[in-house]
Amino acid sequence: MAPSYCVMERKPCVRWVEIYFKDCLCNLKDEISFGFGLTSLVFWGVAEIPSNNHHFSHQVNHGVSLAFLLTWVAGDICNLVGCLLEPATLPTQALHSS
């Protein structure tokens, strides 16, 4: 597969993003938006770890930990900033919403 090219910016797309996410990042705004989307996914990926640790160590099965809630909010903020920077739906945003 030949690498994609950003016509207006006159440069190739970021290759690893194109390969793994099927997206073309052409300018700094795209890269920042993609970074926030990826950061949001990481926050979502680790958001439940503090809550699970709390429940396991205290042998309880109800409630959520403060760390879980703070991580959840941080992930949502990153997702919002990413969406505001790039109004088009990116693969990371679609993955996040699924």
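Predicted model: local features only at pLDDT ≥ 70, side-chain atom pairs only at ≥ 80, totals over all residues.
This note sets out points on the fold, the cross-links, the surface and some selected residues of the structure.

1. The secondary structure of the chain consists of five helices and two strands. Read from the N terminus, the elements follow the order β-β-α-α-α-α-α.

2. **Burial, surface and contacts of the chain.** Of the 98 residues in the chain, 28% are buried. The chain has an accessible surface of about 6,700 Å², and carbon and sulfur atoms account for 68% of that surface. Where contacts in the chain join residues at least 6 apart in sequence, 41% of them are between residues at least 24 apart.

3. **The disulfide.** How many disulfides does the structure hold? There is one, and it joins Cys13 to Cys24 with an S to S distance of 1.6 Å. Cys13 is placed in the loop between β2 and α1, and Cys24 in the loop between α1 and α2, so the link ties together parts of the chain that are 11 residues apart in sequence. The angle about the S-S bond is -75°, and the link of Cys13 and Cys24 is left-handed.

4. Are Cys13 and Cys24 buried or partly exposed? Cys13 has a relative accessibility of 6% and counts as buried. Cys24 is at 26% and counts as partly exposed. The cut-off matters here: buried means under 20% relative accessible area, and the value of 26% for Cys24 therefore places this residue outside the buried class.

5. Side chains of opposite charge can pair when their charged atoms come close. The count of salt bridges in the structure comes to two. In one of them, the side chains of Glu31 and Lys11 meet at 3.8 Å, N to O. This pair links distant parts of the chain, with Glu31 in helix α2 (residues 28-46) and Lys11 in strand β2 (residues 11-12), 20 residues apart. Glu31 is partly exposed at 32% relative accessibility, and Lys11 is partly exposed with a relative accessible area of 27%.

6. **The salt bridge within a helix.** Glu18 and Arg15 also form a salt bridge through their side chains, at 3.3 Å from N to O. Both residues lie in helix α1 (residues 15-21), where they are three residues apart, about one turn of the helix. Glu18 counts as buried, at 6% relative accessibility, whereas Arg15 is partly exposed at 34%.

7. **Thr71 in helix α4.** Thr71 belongs to helix α4 (residues 66-85). With a relative accessible area of 15%, Thr71 is buried. The side chain of Thr71 reaches the backbone oxygen of Ala67 at 2.7 Å. Apart from neighbours within four places in sequence, Thr71 is in contact with Phe43, Val46 and Ala47.

8. **The nonpolar patch.** Which residues make the nonpolar surface patch? Trp44, Val64, Leu66, Leu69, Leu70 and Trp72 form it, and the patch covers about 580 Å². Helix α4 gives the most to the patch, contributing four residues. Leu70 is found in helix α4 and is exposed, with a relative accessible area of 54%.

9. **Val64 in a loop.** Val64, one of the residues of the nonpolar patch, is found in the loop between α3 (48-58) and α4. If residues up to four places away in sequence are not counted, Val64 touches Ser51, His55 and Leu69. Val64 and Pro50 are 14 residues apart along the chain, and their C-alpha atoms are separated by 8.8 Å.

10. **Phe34 in helix α2.** Is Phe34 buried or exposed? Phe34 lies in helix α2 and is buried, with a relative accessible area of 3%. Phe34 and Asn79 are 45 residues apart in sequence, and the separation in space is 9.7 Å, C-alpha to C-alpha.

Terms used:
Residues numbered from 1 in each chain as written. Heavy atoms only, no water. Salt bridge = Lys/Arg side-chain N within 4 Å of Asp/Glu carboxyl O. Buried < 20%, exposed > 50% of the residue type's maximum accessible area, 1.4 Å probe, protein only. Disulfide = S-S within 2.5 Å. Polar contact = N/O pair within 3.5 Å; in protein donor to acceptor, adjacent residues only side chain to side chain. Contact = heavy atoms within 4.5 Å. Areas by Shrake-Rupley, 256 points an atom, 1.4 Å probe, with all protein chains shown as cover. Patch = residues over 30% accessible without salt bridge, like charges linked within 9 Å, V, L, I, M, F, W, Y side chains within 5 Å.
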